[in-house]
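Dear colleague,

Please find below the structure that I am handing over to you. My notes on it follow directly after.

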Amino acid sequence: MPCYRCGARQTDPVRGASPWKRGVRQEAQVLICPDCQRQHDLDLDTCGTCQSTALICRLGEVECRSCGSVRLARADAFACSGAPPGLSAEVEAALNRVLGRA
């Protein structure tokens with residue numbers, strides 16, 4: 001999954017915690033690269049209880065990692081917008097490399 005702001009892709013991390021962060025934007029889980037984290041206006045969803053942006057989205061629920069509040073995600077959030085642009089070409093190229101195709 002690429003960074004939702006700049007489209008950068010994660011590389012294999014060195015040992016230790018990943019510098020990439022997770023967030024929720026428009027009811028969908030997103031990743032934020034280290035460069036974009038330095039920007040103050042990330043336009044992430046906030047918790048309705050404590051206003052924290054430390055949210056995770058899973059199985060139709062949005063949970064705040066700060067206060068533990070859980071709410072149902074909006075039903076229209078489940079409408080899949082498709083894979084990120086260029087992802088299918090990247091997957092095809094990776095398969096060709098692994099399978100030795102020309």
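**Fold and findings**

The model is predicted, so to speak of local features pLDDT of at least 70 is needed, side-chain atom pairs count only at pLDDT 80 or more, and totals for chains, interfaces and linings use all residues. Residues are numbered from 1 along each chain as its sequence is written, and side-chain values use heavy atoms, with hydrogens and water left out.

Of the 102 residues in the chain, 24% are buried. Here buried means under 20% relative accessible area, exposed means over 50%, and partly exposed lies in between (1.4 Å probe, protein chains only). The accessible surface of the chain is about 7,400 Å², and carbon and sulfur atoms account for 53% of that surface; accessible areas come from the Shrake-Rupley method with a 1.4 Å probe, and for residues only the protein chains shown count as cover.

The largest nonpolar core has nine residues: Cys-3, Trp-20, Val-30, Leu-31, Ile-32, Cys-33, Cys-36, Leu-42 and Leu-44. Strand E2 (residues 28-32) contributes the most to this core, with three residues. A second, separate core has seven residues, among them Cys-47, Cys-57, Val-62 and Ala-73. A nonpolar core is a set of buried Ala, Val, Leu, Ile, Met, Phe, Trp, Tyr and Cys residues joined through side-chain atoms within 4.5 Å. Leaving aside residues up to four places away in sequence, Cys-33 touches Cys-3, Cys-6 and Trp-20 (contact means heavy atoms within 4.5 Å).

Val-91 belongs to helix H2 (residues 87-99) and is partly exposed, at 41% relative accessible area.

Two loop residues also deserve mention. Gln-26, in the loop between strand E1 (21-25) and E2, has a positive phi of about 50° although it is not a glycine.

Kind regards

Conventions: Helices (H or I, at least four residues) and strands (E, at least two) are DSSP runs, numbered from the N terminus.
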